[in-house]
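Open the model in your viewer and keep the selection tool at hand.

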Amino acid sequence: MKIEQAIEPTIEQMGYRLVDVEIGKEEDSKVLYVYVDRQGGVSLDDCAEISQAIDPILDELDPIEESYF
């Protein structure tokens with residue numbers, strides 16, 4: 001998948017492993033789920049850090065035509 005190929009190098013460079021990427025729907029909005037893991041687990045702060053790191057990549061890629069979370 002194009003999204004996985006775009007964000008995986010950044011996630012791995014940060015010390016995490018990309019497990020899966022999924023596009024889902026909650027109510028009337030699309031949601032992009034990025035699942036990561038690493039030895040010792042992943043905290044909420046880790047998720048925020050990863051999100052900040054991959055946001056510019058996703059903005060440039062623009063993988064979903066509609067707005068999404």
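Select L18 first. Leaving out residues up to four places away in sequence, L18 touches E4, I7, E8, I11, V34, Y35 and V36; contact means heavy atoms within 4.5 Å.

The model is predicted, so local features need pLDDT of at least 70 and side-chain atom pairs 80 or more, while totals for chains, interfaces and linings use all residues. Residues are numbered from 1 along each chain as its sequence is written, and side-chain values use heavy atoms, without hydrogens and water.

Next, select I3, I7, I11, Y16, L18, V21, L32, V36, I50, I54, L58 and I64. These twelve residues make up the largest nonpolar core, a set of buried (under 20% relative accessible area, 1.4 Å probe, protein chains only) Ala, Val, Leu, Ile, Met, Phe, Trp, Tyr and Cys residues joined through side-chain atoms within 4.5 Å. Two or more core residues come from each of α1 (2-13), β1 (17-26), β2 (29-37) and α2 (44-61). Helices (H or I, at least four residues) and strands (E, at least two) are DSSP runs, numbered from the N terminus.

Now find the one aromatic pair in the whole structure. Select Y33 and Y35: their ring centres are 6.2 Å apart and their planes at 15 degrees, so the pair is stacked. Rings of Phe, Tyr and Trp (its six-membered ring) pair with centres within 6.5 Å; planes under 30 degrees apart count as stacked, over 60 as edge-to-face and the rest as tilted. Finish at the largest pocket, to whose lining α2 gives the most, six residues.

Technical notes
Buried means under 20% relative accessible area, exposed over 50%, partly exposed in between (1.4 Å probe, protein chains only).
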